[in-house]
Structure formats: C-alpha cells, structure tokens
Amino acid sequence: MEKLRIAVQKSGRLSEKTLELFNECGIGLTGGSGRLLVDSPDFPVEVLYLRDDDIPQYVADGVADVGVVGENVYVETGKDVVITERLGFSKCRISLAIPKAHEYKGLEYFQGKRIATTYPVILSKFLKEKNITADIHVISGSVEIAPGIGLADAIFDIVSSGSTLFSNNLKEVEVVMKSEAVLISTPNLSASKQAILEDLIFRMRSVQKAKKNKYILLNAPKKNLDEIIAIIPGMKSPSIVPLADEGWVSLHSVVPEKDFWNIIGKLQDKGAQGILVIPIEKMIV
Ligand code: PRT
Ligand code: ZN
C-alpha cells in the first residue's frame, strides 16, 4: 500500500512537539530517531528525519510528500510547496533588534545600518517594502552576539521569550513576521496520498480542537436551569442528568478553554456547585 512520506526535523525545537502530535493522532513510529526513515505500524505514513532547513526542498522535489517546518523556514526558502495546515506550536516572532541603550524612533534607524541575520530573504523583502537600504550580513548561528562583537549594528532573528535578546543587551523594536509550525505539501499529490493526507489533517484537527475545549460537569439548581444552559450551550446542547435531590440536576457540557474563567464566574453567580473540569483527548464534531 502507498504511504505518505512526512519530513520531520531530526532534532531541534520542532521534533518533540511534532512526534507528540503524531502520537496523539494515533501514529506511533517504530525504531528510534537514529534512523533516517521510520515506519508507522498504525497508519500509512513513514517519517523522514532531516534538518529543518532542508525540508521545503525535499518536499518540493517530491522526495517527501509533506513536511513539518516553522513558517519562517517555509517563507525564507520560498520553495514550490503549499501550507496545508497550521499546527499551532513552536510559535515565535522574527524581529529586528538593536542595542538596548540606543534610542529608537522608527524604521529610519536602520537606514545604512549593518544587520546580521540567518533570514536574508524575509529581511530584504521587508526593507524593500519600507524603502530602507541596509547592509544585510548573513551569518549561520549565534546572531545575537553580532552587535556585541562589532560585527553588526542590529540583528534580525527569531524571538520567543525575549530572554536571549535581554541577556545580550538588545531590545526588540520591530516584529516583521509571526511564525508557528506548519504542515507543507507538494501541490501535486497522487489521489491516494491526498486521501491519507486528508485523514491525517482530520486527526490533527480533532486533537487541536480537543485542546481548545474542556469537558465540564456541575450541579445546577433547577430554578436557574435555563440561565445556566445559556452560559454553557455545549456542542449541541448540554446533557441533563436528574439528581436524587429534586431541586437539582447534574449538567454536562463542553466549554472553550479561552472563555473558561469567565464562564465559571457566571455559573457560580447562578448557584452552580460541584463544578468539575476535565481535559478532552479527542473531539470530533
Ligand atoms: O538543526 P536544524 O537546522 O534542524 O534546527 P535549527 O537549529 O535551524 O532550528 P531550531 O530547532 O532552533 O528551531 C526550529 C524552529 O522552531 C524555528 O525555525 C522556528 O520556527 C521555531 N522556534 C520557536 C524557534 C524559537 N521558538 C526560538 N526561540 N527557533 C529558534 N529560537 C531561538 C531564538 O533565536 C533564540 O536565540 O531560541 C533562542 C531563545 O529564544 P528566546 O527569545 O526565548 O530567548
Ligand atoms: Zn535549521
């Protein structure tokens, strides 16, 4: 049977989260990451371990069918591949940063400056759009030390918590792009591989949806039932289970994680008690 070949970063910031997602999708992998090509006994895929920067090229060439990369790498490499799904992890910004002590009034700061980066394509496109002429100095690692050793005036690099910038006496002054892990694929997959990819995306979405929601159980006084149902409408409508005490019912529903604390406060105001909140593993709607 035909298999979908997925390129995954061999070791780095994307590897663990990617394999965790596959695992949650019921896709186990045989053998360790010591091997280049690994099979799944559960699902028609095989995983090809590569350096993240090489993944778009392998997918564009059809050596792999799909791949997981940071959006920044997808944009920087500019290969003939498409984003099929945003995966929501490894979120970061690609930003311009300058020495902390310097005053910053706007992009004019960068006119005629020397900027060190590993992302020259994204940076030069941005500077061109903004009519800034600067000297882009491409280096392959430890970009953050460039200003301190006199190699550059500023840097353009990935920022997550900002602590790397802070400890190198730099400050983030412009966010040029936001990035997260994305699933990329060749635009011309065979019909059978496309079907496997659709099944994979369906599973990924079920996992992502589950993470964004919580299962909630609570005891509600019957006199406020309508108001409580209006607060937690659930996927269709909440389940209502009678309790031995005639004035009360037990209510089961699903609530979005982001509204959670807001909802809890409203439920308490309406007399809800014994509220239990449980994580959901998969959610198919
Ligand atoms: O070896 P290989 O080439 O495969 O990996 P790599 O070293 O090129 O990439 P890797 O594993 O470092 O990152 C893979 C992807 O993770 C990146 O392309 C981004 O899409 C994403 N990502 C998310 C990050 C970060 N967060 C991040 N914080 N990539 C790098 N960083 C760096 C950042 O540049 C800084 O130097 O981590 C450092 C810590 O960041 P702060 O701001 O939290 O201090
Ligand atoms: Zn890399």
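## Polar contacts of ligand 1

An oxygen atom of ligand 1 is 2.6 Å from an N or O atom in the side chain of asparagine 72. Arginine 13 places a polar side-chain atom 2.7 Å from an oxygen atom of ligand 1. From serine 160, a backbone N or O atom lies 2.8 Å from an oxygen atom of the ligand. The protein covers 79% of the 830 Å² of accessible area that ligand 1 has on its own (Shrake-Rupley method, 1.4 Å probe).

## Basis of the model

The model is predicted: local features need pLDDT of at least 70 and side-chain atom pairs count only at pLDDT 80 or more, while totals for chains, interfaces and linings use all residues. Residues are numbered from 1 along each chain as its sequence is written, chains are lettered from A and ligands numbered from 1 in the order in which they are written, and side-chain values use heavy atoms, with hydrogens and water left out.

## The surrounding shell

Ligand 1 is surrounded by 21 residues (a heavy atom within 4 Å). Arg13, Asn72, Ser160, Ser161 and Thr164 are the closest. By class, the shell has five nonpolar, eleven polar and five charged residues; Asp, Glu, Lys and Arg count as charged, and Gly is among the polar ones.

## Elements and domains

At least two shell residues come from each of α3 (71–77), β9 (154–159) and α5 (163–167). These are DSSP runs (helices H or I, at least four residues; strands E, at least two). β9 gives the most, with three residues. Domain 1 (4–89 + 180–210) and domain 2 (92–179) each contribute at least three residues to the shell; the bounds come from an automatic or database domain assignment.

Terms used. A polar contact is a pair of N or O atoms within 3.5 Å; within protein, one must be able to donate a hydrogen and the other to accept it, and residues adjacent in sequence count only if both atoms are side-chain atoms.
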